[in-house]
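Here's a quick tour of the structure below. Keep it open while you read, and look up each piece as it comes along.

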Amino acid sequence: MNRKKHALAWMVVTVLAAVALVVWLGPSGPLHRMQPAPRTPFAPLPPGVTPTLVSDQDLVERAQELDGQWVTFQGEALGDLMMRGESAWLNVGGAGYAIGVLMPRAEAVKVQILGNYRFNGDTVRVFGVFHRADPAQGGDLDIVASSLEVVKPGEPRPDPRAGNRVYAAAGLSLLALALFLAAHLVRRRSEGGEGHLGNAGH
Amino acid sequence: MKREPGRHHLFTWQDVLLGIAAELAYPAVLGLVAFFLAWLVVRVR
Amino acid sequence: MRLVRRPHLEDFRVIGHYTGIIINGLGLAMLAPLLTALAFAEWAVAVDFVISLAVAFILGYGLLLVSRPRRHDLSWVQGMVVASFSWLVGMVVGALPYYLSFHYRSFLDAAFDVMSGFTTTGLVLIQDLDHVSNGINMWRHVLTYLGGQGMVVLALTFLLQDAAGAFKMYVGEAKDERLLPNVVHTARTIWYISLLYLAVGTLLQGLVGLSIGMQPVRAFLHGLWIFMAGWSTGGFAPMSQNVLYYHSALFEAVTVLFFVAGSYNFGLHYAVWVGKRDELVRNIEAVSFAITSTLLGAVVIAGLERSGTYANVATLLRKGYYLLISGHTTTGFQSIYGRQLALEWGDLALLGVITAMLFGGSAVSTAGGFKGLRIGLIFKALVQEVRRLLAPESAVVVEKFQYMREVVLEDGSVRNALLIVVLYLAMWGLGTAVGVISGFPVREALFESASVTGNVGLSDGVTSAAMPSLLKTTYIVMMWAGRMEFMSVLALLGFIWAGVRGK
């Protein structure tokens with residue numbers, strides 16, 4: 001009988017949730033009224049405004065102070081160039097932090113090399129409006145950039161030489177193999193049966 | 001936790017699927033409640 | 001102390017034997033990153049993993065050769081010592097590939113990250129994460145996934161899961177129980193559930209990755225890693241910006257589904273998967289979590305409103321509530337920079353998050369903190385006390401709760417719950433003190449210490465390679481002790497003490 005009551009509770013909750021969803025998502029619902037006013041996402045630099053040159057450190061530590069200002073930021077294009085319709089996201093890495101940059105698709109395609117294990121990505125310079133918590137992007141700290149230029153193309157990262165380590169690897173592997181065999185020989189002799197890593201299932 | 005020794009497949013597929021659905025629905029419901037709270041707070045401001 | 005008698009040679013043999021097995025297991029786990037490195041032609045990385053694998057097996061088989069116990073039964077105390085000791089040895093072995101990768105400033109830093117992974121905390125000291133190899137990233141995430149699983153197996157086995165006695169500190173009559181058959185069976189069930197979720201989660205997270213503009217291979221690789229970090233409530237991510245990297249509400253929402261599910265008690269998973277889905281609404285931990293997360297969510301949202309941190313509903317939820325839920329489940333995914341927490345969130349919101357981090361997730365799961373079970377028990381005990389006060393002298397007041405089945409609240413369980421909560425609080429205090437001694441403002445030290453205590457992983461900027469070694473070491477010990485719920489650590493200390501005292 002208790003189960004029926006709980007099933008009922010589930011159903012009531014689901015119905016309420018559904019009603020709530022309909023109300024909120026519907027045209028007369030609060031969600032629509034909450035949408036930020038559509039803005040020209042990538043406004044050009046207004047006349048007479050000089051973007052401030054900032055570092056990644058500045059953007060995070062002085063976020064409140066720089067919020068809403070035009071900035072110039074330079075760093076390494078990292079990871080993925082995420083195209084989403086007319087805009088693209090690119091995370092640009094400074095010395096400490098990487099900063100998310102939203103830009104028009106047309107600007108994004110200028111990026112050729114993205115940073116990862118193998119490559120140092122293109123050094124790019126963007127300028128745009130900095131947001132501490134961009135209300136149109138769910139509160140992300142970002143730069144909405146109207147333009148991007150590739151200052152220096154990316155290049156392969158120096159290939160770490162395995163060098164002497166290969167010998168160490170070989171030597172240690174042999175030692176490991178020897179111990180492995182020894183351990184099994186000992187086990188077989190003392191138990192007379194098959195064993196693998198140990199005795200866990202005994 | 002009761003266990004039945006010797007059975008390899010303890011679960012039926014229906015129960016597993018419904019189980020996963022229920023387990024994922026739970027945070028979804030919590031999220032909806034939070035949404036409502038946030039909405040309330042913004043309205044009241 | 002009768003429970004821990006003076007260690008005999010046989011004890012060392014048993015402990016050595018099982019530690020050897022576990023270290024070999026760790027070595028086997030290194031196959032995953034090794035294969036990943038080979039698949040992506042990261043030859044130097046592959047060599048590093050061969051070296052580390054070899055060292056693991058040398059140590060593991062070495063121990064097996066040296067420790068040949070007469071009997072292979074594992075007593076409760078021996079098991080506890082193995083659990084804590086092998087985590088320490090494992091920390092050193094696991095740090096080897098990290099250290100060889102040049103992404104760490106010191107071996108201590110590498111060990112910190114391993115312990116952070118094993119304990120599914122998620123604080124990191126790694127340098128230049130955005131240029132790390134796929135091999136190393138695979139190791140990071142595999143460590144946290146395995147650490148989470150391993151801890152659940154340990155919890156289910158050692159903490160002797162009869163309903164009310166889930167956290168018996170003194171197991172008295174059960175100390176002679178043979179642990180091994182339980183370990184194997186328990187491990188199998190847990191792996192079944194986790195692997196199924198791994199498949200579903202990776203697929204879903206990967207699909208979302210594709211939809212937000214990532215290339216297929218990267219989308220699914222990240223999907224796998226993010227799932228592993230979320231499910232294990234670890235909170236590692238493959239890029240330095242954590243989940244902020246993806247700039248996607250949908251991506252974050254999917255992580256919420258999996259990390260909340262990952263914070264459930266495995267007993268709850270089991271109950272739900274055998275068809276008792278209503279356990280999700282009746283279980284004391286599910287109810288406790290729903291209540292505390294909603295209340296603390298309200299506190300955080302109100303606090304953020306008060307400090308004007310976020311402008312609208314969407315941002316309040318995505319930044320505020322996400323952080324709260326991430327903290328409460330002790331996951332540690334963060335979509336804002338740590339320093340922003342310190343600089344932009346007001347005290348009220350931070351208070352909400354700190355409380356949530358300390359409360360933690362469910363028992364017998366990858367989550368940390370006090371655990372919902374204890375919060376529920378303590379609350380019920382309070383209710384019971386009030387009822388006792390109001391009832392006539394002769395009346396017997398019985399309080400019950402649902403934990404896979406209906407259980408009567410016993411004073412013993414309440415006492416244990418309170419004791420462990422006190423220990424966690426004490427540890428939080430210690431962590432805060434060391435943080436302040438290390439030069440951090442008390443507000444930030446409180447937050448970070450709470451994050452470490454609950455194995456959460458949210459950071460307000462305190463954790464960095466520039467931290468003093470004292471603080472790094474303190475945090476390592478705290479992560480370990482907190483994850484083990486003090487029990488294994490105390491057993492290990494007791495074992496050592498008994499040896500020293502020679503009685």
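## Chain A at a glance

In chain A, 57% of the contacts with a separation of 6 or more are between residues 24 or more positions apart. Keep in mind that this is a predicted model.

- Chain A has 202 residues, and 30% of them are buried.
- Count the elements of chain A and you'll get six helices and eight strands.
- Reading from the N terminus, the order of elements in chain A is α-α-β-α-α-β-β-β-α-β-β-β-β-α.

## Strand β2 of chain A and its partners

- Let's begin with strand β1 (residues 52–54) of chain A, which runs parallel to strand β2 (residues 70–84) of chain A and is joined to it by three bridges.
- One pair to look up here is A:T52, whose bridge partner in β2(A) is A:V71.
- β2(A) also pairs with strand β6 (residues 123–134) of chain A, in the antiparallel sense and over seven bridges.
- In that pairing, A:W70 sits opposite A:V129 of β6(A).
- Then there's strand β3 (residues 87–93) of chain A, which is antiparallel to β2(A) and joined to it by seven bridges.
- Here you can find A:E76 facing A:G93 in β3(A).
- What do β2(A) and β3(A) form together? They form a hairpin, with two residues between the strands.
- In the turn of that hairpin, A:G85 has a positive phi of about 65 degrees.
- While you're looking at strands, here's a handy rule: in a regular strand, side chains alternate between the two faces of the sheet.

## Two domains in chain C

- Chain C splits into domain 1 (9–263) and domain 2 (277–467).
- The C-alpha centres of domain 1 and domain 2 of chain C are 24 Å apart.
- Where these domains of chain C meet, 39 residues of domain 1 are in contact with 37 residues of domain 2.
- On the side of domain 1 of chain C that touches domain 2, α6 (134–158) and α9 (249–262) of chain C each supply at least two residues.
- Which helix gives the most to that side? It's α9(C), with seven residues.
- The residues on that side of domain 1 of chain C divide into 18 nonpolar, 17 polar and four charged.

## A helix pair in chain C

- Helix α17 (residues 411–437) of chain C packs with helix α19 (residues 469–483) of chain C at an angle of about 170 degrees, and their axes are 10 Å apart.
- That angle makes α17(C) roughly antiparallel to α19(C).
- From α17(C), the contact uses C:Y424, C:M427, C:G431, C:V434 and C:G435.
- From α19(C), the residues in the contact include C:L470, C:L471, C:T474 and C:Y475.
- Sort the residues of this contact between α17(C) and α19(C) and you get eight nonpolar, four polar and no charged.

## Where chain C meets chain A

- Between the chains, 55 residues of chain C are in contact with 55 residues of chain A.
- Several helices of chain C each supply at least two residues to the side that touches chain A, among them α1 (9–29), α3 (43–66) and α7 (180–211).
- α3(C) provides the largest share of that side, with 14 residues.
- On the side of chain C that touches chain A, the residues divide into 29 nonpolar, 16 polar and 10 charged.

Note on methods. Residues numbered from 1 in each chain as written. Chains lettered and ligands numbered in written order. Predicted model: local features only at pLDDT ≥ 70, side-chain atom pairs only at ≥ 80, totals over all residues. Axes fitted to C-alpha atoms, helices over the stretch in contact; angles between N-to-C directions. Helix = DSSP H or I, 4+ residues; strand = E, 2+ residues; numbered from the N terminus. Parallel < 35°, antiparallel > 145°, perpendicular 65-115°, else oblique. Contact = placed C-beta atoms within 7 Å. Nonpolar A, V, L, I, M, F, W, Y, C, P; charged D, E, K, R; others polar. Domains from an automatic or database assignment. Pairing = 2+ DSSP bridges. Buried ≥ 20, exposed ≤ 12 C-beta atoms within 10 Å, placed from the backbone.
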